[in-house]
Amino acid sequence: MTAPDYDAIVLGAGAAGLMCAAVAGQRGKRVLLLDHAEQVGKKILISGGGRCNFTNIHTAPERFLSANPHFAKSALARYTPADFIALVNAYGIAFHEKTLGQLFCDGSAKQIVAMLLEECAKGGVDIRCGQPVRTVTQADGAFRVTFGGQDFTAPNVVIATGGPSIPKMGATGFAYDLARQFGLKIVEPRPALVPLTLGGDDVLFRDLSGVATPVEARAGKAAFREAALFTHKGLSGPAILQISSYWRRGEPVTVDFLPGAPQGWLLEAKRTRPRATLASVLTLPDRLAQTLADRLALPGELGALTDRKLAEAEARLSRWLFRPNGTEGFAKAEVTVGGISTANLSSQTMMAKSVPGLYAVGEAVDVTGWLGGYNFQWAWASGHAAGQAL
């Protein structure tokens, strides 16, 4: 039997794949990193408006969704935001905190990709791009990967090809097909961090396209207080993108349009400004205030309205019910919820329990973070865990 070409072949040169290859390479492993795209790190380059929201200082396991909420704890504890920040600092990359712990490059996402490529170079990683992975097979303790027209062998293969979100960037369900081939289970993938679409009675809100306002949005037990944005298809903005990861088809989304308002504020407004209209006392963009007032069907002055009607209006404004008829799908989703089941994987090493030598990291796995750098931190942490184990 001929000796394998490499110690490990990493499929996918995104955030998790680059990190995994760099860590393993610097530990002296012979690593081959493959990607079907013409260049590495394409999703990194478009992230954060081209400035790469590369981590979040408030990273904690409960800010990730997974069928097993405990799975991410091990990797996240062993490679923290502080560890990645130290790497960024070592390369002299300037960054800033935007809001809610989100860290962005002052310059460009290209700096993060260049840093990861330099880390790979330090480990002697062999990087090849621009060809599809044709087949992956296993025999006699070795994997054979056909890339373009060439075959490569290694005792270890890492699935780091991400999920199907943003197909125009080349994203596919390849990771799931490969996992199934080796008998691993898949938690049904669905779009996450994605705008919601409205139909039925909610269609009139589409007329507010472009209007944004701070809200508290809820789906199930999850709640997020950030901006919501009305679009020509429905709802978007950070609060809605966050809630979309928790929303299930057929369920409502409730929006508190005045999340800071004290109870009884509308009755107080009636006492202090009896000649005012409902629309005029709503501290919201004018078009939105008018639309909500119209829907509540409370015309005229507050002083002419009963306390009961105003109390009902206040309650509705704090729990406004939307019934989304869907999402804008993987085309607009920033990430994917679901993926390769964590029940199949070691939380320490990211290796498949039933297939020695097969690993899965990053978005391909059923671990999904909140909006704002959490998914990058999972990519670094899971890639680092596998890179240490190879």
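Start at E328: at 18% relative accessibility, this residue counts as buried, because the cut-off for buried is under 20%. This is a predicted model.

**Stop 1**

Buried or partly exposed: which is K332? K332 is partly exposed, with a relative accessible area of 47%. E328, by contrast, counts as buried.

**Stop 2: the annotated span**

**Stop 3**

How many salt bridges does the count come to? The count comes to 13. Here are some to select.

- Pick E216, R218 and R225. A network of salt bridges links these three residues.
- Pick D177 and R180. Their side chains form a salt bridge at 3.7 Å, N to O. Both sit in helix α6 (residues 174–181); being 3 residues apart, they are separated by about one helical turn. D177 is partly exposed at 49% relative accessibility, and R180 is partly exposed at 48%.
- Pick R144 and D151. They form a salt bridge whose closest N and O atoms are 4.0 Å apart. R144 counts as partly exposed, at 40% relative accessibility. D151 is partly exposed too, with a relative accessible area of 41%.

**Stop 3: the parallel sheet**

Switch to a cartoon view. Select β7, β2, β1, β11 and β21. In that order they make an open sheet of 5 strands, with parallel pairing. Which strands are at the edges? They are β7 (126–129) and β21 (358–360), and each pairs on one side only. Look along the sheet: the twist averages 20° from one strand to the next.

Strand β11 (residues 156–159) pairs with β21 in the parallel sense, over 3 bridges. Select V157, then L358 in β21: L358 is the bridge partner of V157.

Which strands does α1 lie across? Helix α1 lies across β1 (8–11), β2 (31–35) and β11. Turn the view to set α1 against β2: the helix runs at about 165° to that strand.

**Stop 4: N56**

Finish at N56. Find it in strand β3 (residues 53–56). Is N56 buried or exposed? N56 is buried, with a relative accessible area of 0%.

Show the side chain of N56 and look for two backbone atoms.

- The backbone nitrogen of H58 lies 2.8 Å from a polar atom of the N56 side chain.
- The backbone oxygen of L100 is reached by the N56 side chain at 3.0 Å.

Now show what surrounds N56. Leaving out residues up to four places away in sequence, N56 touches P81, L100, G101, Q102, G372, G373 and Y374.

Definitions and conventions:
Residues are numbered from 1 along each chain as its sequence is written. This is a predicted model: local features need pLDDT of at least 70, side-chain atom pairs count only at pLDDT 80 or more; totals for chains, interfaces and linings use all residues. Side-chain values use heavy atoms; hydrogens and water are left out. Helices (H or I, at least four residues) and strands (E, at least two) are DSSP runs, numbered from the N terminus. Buried means under 20% relative accessible area, exposed over 50%, partly exposed in between (1.4 Å probe, protein chains only). A polar contact is a pair of N or O atoms within 3.5 Å; within protein, one must be able to donate a hydrogen and the other to accept it, and residues adjacent in sequence count only if both atoms are side-chain atoms. Contact means heavy atoms within 4.5 Å. Two strands pair if DSSP finds at least two bridges between them. Axes are lines fitted to C-alpha atoms, for helices over the stretch in contact, and angles run from 0 to 180 degrees between N-to-C directions.
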